[in-house]
Amino acid sequence: MVAVVCFSYLMLQEANITGSAVRVFTVPTDAPEADGTCAWDKSTMVLVELSSGSTRGIGYTYADASTGKLAETLLCEIVNGRDAFAHAAILKDLLARIRNQGMCGIAMMAVSAIDNALWDLRACLLGVPLANLLGRVRDSIPVYGSGGFTTYTDAQLRTQFGDWAAAGFSMVKMKIGSHPSDDPRRVRVARESIGSNVRLFVDANGATTVMQALDLAHAFAKNGVSWFEEPVSSDDLAGMRTVRDRAPAGMDIAAGEYGYTAWYFRRMIDSGAVTVLQADATRCGISGFLDAAALCWAANLPLSAHCAPSQHMHVCCAVPRAVHMEFFHDHARIERMFFDGFSEPRQGVMTPDLSRPGIGLTLRDSDVRKFSV
């Protein structure tokens, strides 16, 4: 296999990017959804397609439709015609191009979609799964079911979590923070729906104060909550550190989903604000996710992937500190509808299909046209 890959690379030393496209899709949610700081009724995927001859690669982000316009500009100005194997040089030039827009938000999500597509294209050109190109450390990765929105009735919460538990998920996560005084009761409902053997996570999306978060953390501990995500704003590293220091023993404090650059992840780790770092390749790109993974390796800190399970599965099988991925209800639903090659979790674990190159996904054009923006 090594000889074949080396030979293939020699044949593809000038694998220029001969085509590119950006497609934007908006998909309504299947029910009203909210967390502690936001409400929504749709999700938007910005998908980048790159080609080198007949070989294609895709990458995507979940962002505003305006991200697609910037991605088109970046493809035209920076990417088209370049050697796909000059990935690092292309990424360097993309980051320089968005300097004045700021390396976060819409600008960085556009870069991330392109970066993800470059990783997929390179692996497809070599005819290998991305996990193999990166170098696997495991064959599969656990996922946690993520939903339990604050708009859900008790019946909806019980059904969603009960179904995940019955399917073999060992972890589930619910949203809190819209009505903090009611959250201890909602957590009890969740615990009753999953039994005692499934780990229960909560996510406040930064909705509570330090003192509220600590009060809630100790109340939640009575029902075995073992993960408290963004108890306060992740921009408040001192507040996060206070919650971490005073949370019940055995309760992880997690954040990092809004990280776009390596320096963001480094500041969060250095502050001691979290016991588990999160990273999201739809915001920092797979290249940024690898940066976060290297920092976690150096800090001996666990790493968890945020949202977009299909975009993270291969890279999570290739980094030592990855412990699990978020199987976010909206994104899993969209990816299941949009892609051939979607990996259904089996007993709470996602496993790459190593017979498919790249990230293993093929867009179902006929099925997704109705969602095009």
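Arg283 is buried, with a relative accessible area of 15%; buried here means under 20% relative accessible area, exposed means over 50%, and partly exposed lies in between, for a 1.4 Å probe and protein chains only. Please keep in mind that this is a predicted model, in which local features need pLDDT of at least 70 and side-chain atom pairs count only at pLDDT 80 or more, while totals for chains, interfaces and linings use all residues. Residues are numbered from 1 along each chain as its sequence is written, and side-chain values use heavy atoms, with hydrogens and water left out.

What is the partner of Arg283 in a salt bridge? The partner is Glu257, with the closest N and O atoms 3.9 Å apart. A salt bridge requires a side-chain nitrogen of Lys or Arg within 4 Å of a carboxyl oxygen of Asp or Glu. Glu257 lies in the loop between strand 8 (252–255) and helix 10 (262–271), and Arg283 in helix 11 (residues 281–299), so the pair ties together parts that are 26 residues apart in sequence. Helices (H or I, at least four residues) and strands (E, at least two) are DSSP runs, numbered from the N terminus. Glu257 is also buried, at 4% relative accessible area.

The structure holds 17 salt bridges. Another of them joins Asp203 to Lys173, with 3.5 Å between the closest N and O atoms. This pair links distant parts of the chain, 30 residues apart: Asp203 belongs to strand 6 (residues 199–203) and Lys173 to strand 5 (residues 171–175). Both Asp203 and Lys173 are buried.

I turn now to the nonpolar interior. A nonpolar core is a set of buried Ala, Val, Leu, Ile, Met, Phe, Trp, Tyr and Cys residues joined through side-chain atoms within 4.5 Å. The largest has 115 residues, of which Phe228, Phe289 and Phe338 touch the most other members. Helix 4 (residues 105–126) supplies the largest share of this core, 14 residues. A second, separate core of 6 residues includes Tyr144, Trp227, Ala254 and Val276.

Finally, helix 12 (residues 309–316) is largely enclosed by the rest of the structure, because 8 of its 8 residues are buried. Among them are Pro309, His312 and Cys316.
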